[in-house]
Amino acid sequence: MSKNFIIFGASQGLGDAFVKGLPAKGDTVWVVSRTRPSSLDIHDGVTRKWLQIDLSSQQQIPTLKETLKDVAIDVLIYNVGVWEKRGFEDDYTFDQDEVGDISNLININLTSTITYIQALLPNLRQAKHGKIILIGSTAGLDHTGNAQVSFVTSKFGIRGITHALREHLRQDKISVTCINPGELAAEVPYEEGAEKAIALYQGTRIPVQDIVAIVQCVIHLSPVSCVKEINIPAITDFNA
């Protein structure tokens, strides 16, 4: 039976891997991104439709709702996250973060997560067994040694959204799952394979194929099961 997916943050990296690796022939995927995704050019029996949305703003929510008003969404994947401009540089310090950048990060990583998912709850309720999957980070877990205050705050927040949303939707039998990966080999495109990613980073970064496989598992479970949270650090990551 064909499925309808909507994938946020889907133009590159892990989101692009979801668009390419999750759907089967006959499925439809709405691809949400600011820039046109190259996955639209794939001809594999999957219907891919681009929704050009800038998630730093809430202004496009009415248009999204109107576009999808009669569509039953089986799987919603929210894979959005920005971080501090120099957050992963050796000389990074929270002291130098600008107020406007902090506000923008929290808006994109938390406010838009809440509001865009809220907008699509009627679509998920139209599906027989809707599923919501949010992509967090091991940075949002306890004791992982990250000093990027705003980014870490937002990833803790993603877990909070997941847990509260699960309770809100329990009566609708819509499962809500948070997946927290460690550092990903997201620069290696999905179609180039896991072995290339493993070799390039000498096994220190997780191939996107692993996360796709885990999401496939969650999607294909029976509606009786609810996977609450999955943490996936690299085996070499001693902090996670």
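Are Phe8 and Tyr116 buried or exposed? Phe8 is buried, and Tyr116 is too (buried means under 20% relative accessible area, exposed over 50%, partly exposed in between, with a 1.4 Å probe and protein chains only).

## Ground rules

This is a predicted model, so local features need pLDDT of at least 70 and side-chain atom pairs count only at pLDDT 80 or more, while totals for chains, interfaces and linings use all residues. Residues are numbered from 1 along each chain as its sequence is written, and side-chain values use heavy atoms, with hydrogens and water left out.

## The aromatic rings

Rings of Phe, Tyr and Trp (its six-membered ring) pair if their centres lie within 6.5 Å; planes under 30 degrees apart are stacked, over 60 edge-to-face, and the rest tilted. That rule gives two aromatic pairs. One of them is Phe8 with Tyr116, edge-to-face at 6.1 Å centre to centre and 65° between the planes. Phe8 sits in strand β1 (residues 4-8) and Tyr116 in helix α3 (residues 99-119), so this pair ties together parts 108 residues apart in sequence. Helices (H or I, at least four residues) and strands (E, at least two) are DSSP runs, numbered from the N terminus.

Tyr78 joins in as well: ring pairs link Phe8, Tyr78 and Tyr116 into a cluster.

Over in strand β3 (residues 47-52) we find Arg48. Its relative accessibility is 11%, so Arg48 counts as buried.

Leaving aside residues up to four places away in sequence, Arg48 touches (heavy atoms within 4.5 Å) Val19, Lys20, Pro23, Val29, Val31, Ser39, Leu40 and Ile42.
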